[in-house]
Amino acid sequence: MDFRYLPMTEQDKKDMLQTIGVKDTEALFADIPDAVRLKKPLQIKEPRSEGELKAELAALANQNVTMKTHASFLGAGVYDHYIPSIVDHVISRSEFYTAYTPYQPEISQGELQAIFEFQTMIAELTGMDVANSSMYDGGTALAEAATLSAGHTKKKKIIVSEAVHPESRQVIDSYCRGQRLEVVTIPHKDGVTDLEALQEAIDEETASVIVQYPNFFGQVEALADIRTILHTQPKAMMVVSSNPLALGFLTPPGNFGADIVVGDTQVFGIPAQFGGPHCGYFASSSKLMRKLPGRLIGQTKDEEGRRGFVLTLQAREQHIRRDKATSNICSNQALNALASSVAMSALGKQGLAEMAYLNVQKAQYMKKQLEAHGLEVMFQHSFFNEIVIKVNGDIQALQDHLLAQGFIGGYHLGRTDDRLKNHMLVAVTEQRTKEQIDIFVREVAAFHAK
Amino acid sequence: MQNNTDFPLLFELSQTGRTGYSLPPLDVPETDTAEAFDSAYIRTEPAALPELSELQIIRHYTALSRRNYGVDSGFYPLGSCTMKYNPKINEDIIRMDGFSHIHPYQDPKTAQGALEVMFDLQEQLKEITGMHDVSLQPAAGAHGEWAGLMMIRALHEKNGETQRTKVIVPDTAHGTNPASATVAGFEAVTVKSNEQGLVDLDDLRRLVGEDTAALMLTNPNTLGLFEKDILEMAEIVHEAGGKLYYDGANLNAIMGYTRPGDMGFDVVHLNLHKTFTGPHGGGGPGSGPVGVSEELAAFLPKPVVRKLDGIVILDEDRPESIGRVKPYYGNFGINVRAYTYIRTMGPEGLKRVSEYAVLNANYMMRRLSEVFELPYTQHCKHEFVLSGRKQKKLGVRTLDIAKRLLDFGYHPPTIYFPLNVEEALMIEPTETEAKETLDSFIDTMLEIAKDAEENPEIVQEAPYTTIVSRMDETTAARKPILRYIPE
Ligand SMILES: Cc1ncc(COP(=O)(O)O)c(C=O)c1O
């Protein structure tokens with residue numbers, strides 16, 4: 001059988017073996033001891049032709065309910081947003097997607113500059129001094145923020161608000177277990193971080209306080225008050241996880257004195273694709289610049305004085321520092337950072353603010369409609385594009401009902417919090433029309449009233 | 001492209017009032033945000049993003065792409081990175097709505113098509129690696145290393161062996177190995193290589209003991225050499241109570257010939273963005289699944305994908321799991337591409353991949369060793385490492401050779417790694433390159449070597465044809481400029 005990715009001909013093979021001076025390719029594998037040799041073919045599926053495989057996989061894809069076949073009111077960290085057509089056209093340019101880490105700046109200025117622009121846009125949005133070139137996702141970025149804070153402050157206690165995304169909290173737990181750090185969780189009270197509990201928990205051992213803004217329940221945390229509490233322990237760092245789209249409307253965490261701001265740029269041009277790959281961002285104050293995880297792109301000049309860009313401050317990284325590196329991250333999410341850059345440039349200064357505003361307005365409308373239809377909307381703080389509702393009846397039954405009406409329902413909060421059984425986290429983005437919202441509300445209300 | 005002026009940044013092209021987006025009008029009654037929000041939390045100054053029209057943005061990024069170099073542009077023998085062809089069907093498959101526009105929290109019964117792909121990919125990877133179980137969770141190789149080491153730690157802790165605090169890594173190891181050991185709470189200790197470029201067994205025997213948690217090994221190692229004493233090494237480590245970790249970044253050399261599970265490895269991670277054609281994306285995203293032996297299966301990160309009565313489920317009920325290593329279920333988009341590739345190649349195809357990757361590398365190695373020093377002379381696997389020591393004596397460093405290659409339209413090999421070879425040039429051709437390509441590259445290398453002897457300044461001052469010349473990296477690090485700041 002022939003394989004279209006393998007150009008080797010029988011003649012090539014013969015010539016090459018002769019140059020090497022061996023009889024067959026087996027000779028090149030002679031150093032693999034017989035005892036570990038695989039004596040039979042791999043028991044994996046037989047190959048399929050391009051057309052057959054496309055058809056088979058299309059059939060699998062078509063089994064799935066998608067955000068195109070159904071109107072999604074599901075968020076909880078992954079959202080259905082406007083993706084400008086240009087995004088996929090740009091990231092489909094093979095000079096970008098078939099390249100690797102830009103180790104050779106002379107032939108990688110495109111990637112380097114695009115990421116430098118990404119770093120700039122993230123710093124602008126978050127109100128921070130600097131940003132890196134990307135992390136795996138918002139959850140691992142948050143975990144790396146926790147471990148960075150411990151390394152920087154030489155303290156071992158990480159305080160995490162319960163209103164941070166539950167899966168991000170679990171990732172923080174895993175990373176902190178690795179580094180033998182203590183994680184203390186502060187409960188939420190009425191949907192936001194319990195500030196009294198925070199005041200009580202923070203002490204001299206605290207490396208950082210981690211909150212999410214807007215938080216997992218969509219609520220806007222009082223960052224100004226949290227900063228005030230942090231002032232009582234000046235060494236402790238303020239770490240904020242932020243949906244960067246929300247920062248088109250909300251005051252950026254940098255303005256409240258955050259030390260580290262992280263999050264996920266999935267909201268900008270990256271399809272949900274079942275949860276990954278998305279794209280973590282990591283922004284900080286300039287004092288932490290030499291401790292950041294991951295790649296950083298810096299501006300410099302070439303020998304003729306022309307502006308150009310390079311990977312810089314590499315003395316932080318694993319390939320130089322090995323076991324003393326600030327993080328083990330190597331491959332990151334560069335192509336998705338590019339996708340987000342294209343989406344952010346398409347939106348621009350005006351569009352990003354407008355898109356955030358549409359989210360705010362639609363969510364406000366949705367809340368009013370739900371209340372008008374007799375549903376209880378929990379938590380009475382300001383919110384961005386998500387709200388929590390309490391429904392009579394089984395959430396699974398509601399989900400099935402909504403699905404039948406052409407909707408993907410919200411996130412069942414009882415999945416991770418026993419106190420929130422029968423609570424659904426509902427997201428509404430600029431993609432949802434008034435009509436969709438009205439029908440969705442009507443269906444939920446009818447179910448609730450039954 | 002000749003450029004005498006600086007290439008503009010997006011921000012420098014921006015004009016107030018220009019737009020490149022298209023959003024729907026507000027179709028709901030407007031709420032007064034001053035009532036709904038405390039004014040301290042409403043942004044007053046919009047983020048200074050650029051303002052451009054759609055065509056301007058497209059021209060900008062098209063121009064940037066032309067200032068970049070990928071596998072589709074030309075030969076990219078970057079050692080350790082497996083820069084093989086990225087099949088286009090993979091890109092078509094992941095862009096299907098049913099894969100790209102699905103939500104991780106939608107009801108699993110509405111995502112069976114996606115879960116089936118995940119489940120079957122796990123099954124194929126189990127067989128390819130010879131491991132008992134596989135998780136697709138980790139986002140990249142380094143993430144898989146960390147997850148694997150955390151599982152080893154969990155096992156030792158369960159057995160009450162908390163004194164096992166050391167992870168042994170060869171001096172040839174990739175930087176992520178020792179870095180991951182640290183992040184997983186271990187201390188990394190280095191085992192020496194011998195004069196054949198393989199792990200020095202005496203040094204290994206000396207290092208192992210009560211405190212050994214694991215040995216991390218790449219096989220073939222980063223010199224491209226097969227650790228032929230693998231069974232003895234496994235015995236040394238296992239006898240001391242440690243575990244054997246396989247860095248699968250180099251799996252491209254051995255598919256269908258041998259499997260980490262059969263070599264005695266307890267944990268393995270794979271880089272799906274290397275062997276299994278996930279595009280490198282300018283630095284990512286990748287995917288770094290982990291495979292484990294039966295003894296370690298209970299510790300796999302959660303959730304675990306299982307199939308029960310024909311239904312694929314996400315099992316969260318894993319009391320001994322090391323926990324969650326990433327939100328959701330791994331880099332699904334890369335996993336779908338890898339799955340497409342495996343299904344395109346099948347058992348015979350994957351074996352031929354390794355056969356030809358190794359043949360290509362050995363061919364290049366033998367021809368280039370006529371002029372460049374080859375520190376380790378046995379047959380290599382998928383890659384090999386030359387030393388530029390001879391050229392350095394003539395005043396031409398490996399860096400110069402790399403820069404000169406740019407003028408001939410090549411991406412240079414990995415340089416100055418592994419660390420135990422002076423002036424290292426690490427070359428990995430991959431199996432998707434034709435002999436003609438290898439020959440032209442070899443001829444170019446020989447020509448550069450000749451210039452190094454006869455006209456060293458030609459090489460020392462390269463490159464000449466690139467859009468920018470060598471960058472001042474010292475100033476970049478000393479006075480970092482990490483973002484655009486308007487004048
Ligand atoms: C041998 C080896 N191990 C580990 C890694 C790390 O993989 P990743 O970059 O996906 O984290 C790499 C790749 O860079 C590698 O070449």
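**Entry 1: terms.** I count as a helix a DSSP run of at least four residues, with numbering from the N terminus. I also note that the model I am reading is predicted.

**Entry 2: where the ligand is.** I looked up the position of the ligand and found it between chains A and B. I then checked the pockets, and the ligand sits in the largest pocket.

**Entry 3: what surrounds the ligand.** I found 15 residues around the ligand. Those that come nearest are Ser331(A), Ser80(B), Ala142(B), Asp247(B) and Lys274(B). Which helix gives the largest share of this shell? I traced that share to helix H7 of chain B, residues 141-158, which supplies three residues. I sorted the shell by class and got seven polar, five nonpolar and three charged residues.

**Entry 4: polar atoms at the ligand.** In the side chain of Ser331(A), an N or O atom is 2.6 Å from a ligand oxygen. For Gly141(B) the atom belongs to the backbone, an N or O at 2.7 Å from an oxygen of the ligand. For Asn271(B) I noted a polar side-chain atom 3.1 Å from a ligand oxygen. I then looked up how much of the ligand is covered: alone it exposes 390 Å², and the protein buries 99% of that.

**Entry 5: aromatic pairs.** I found 28 aromatic pairs over all chains. I picked one of them, Phe256(A) with Tyr41(B). Why is this pair called stacked? The ring centres are 5.0 Å apart and the planes stand at 20°, so the pair is stacked; the cut-off for that word is an angle under 30 degrees. I also noted that the pair crosses between chains. Phe256(A) is in the loop between strands E8 (237-241) and E9 (260-264) of chain A, and Tyr41(B) is in the loop between helices H2 (33-36) and H3 (54-66) of chain B.

**Entry 6: backbone.** I looked up cis peptide bonds and wrote down two. One runs from Gly276(A) to Pro277(A), with omega near 0°. Pro277(A) is in the loop between E9 and strand E10 (280-284) of chain A. Another runs from Lys302(B) to Pro303(B), again with omega near 0°. I placed Pro303(B) in the loop between strand E7 (290-292) and strand E8 (304-308) of chain B.

Last, I looked up a phi angle. Is phi of Asp190(A) positive or negative? Phi is near 55°, a positive value in a residue other than glycine. I found Asp190(A) in the loop between strands E5 (188-189) and E6 (192-193) of chain A.

Key: Residues numbered from 1 in each chain as written. Chains lettered and ligands numbered in written order. Predicted model: local features only at pLDDT ≥ 70, side-chain atom pairs only at ≥ 80, totals over all residues. Heavy atoms only, no water. Near = heavy atom within 4 Å. Polar contact = N/O pair within 3.5 Å; in protein donor to acceptor, adjacent residues only side chain to side chain. Areas by Shrake-Rupley, 256 points an atom, 1.4 Å probe, with all protein chains shown as cover. 1 Å grid on protein atoms, 1.4 Å probe; cavity = no way out; pocket = protein on both sides within 12 Å on 5 of 7 lines; lining within 4 Å. Sits in = over half its atoms within 2 Å of the grid points. Helix = DSSP H or I, 4+ residues; strand = E, 2+ residues; numbered from the N terminus. Nonpolar A, V, L, I, M, F, W, Y, C, P; charged D, E, K, R; others polar. Phe/Tyr/Trp six-rings, centres within 6.5 Å; stacked < 30°, edge-to-face > 60°.
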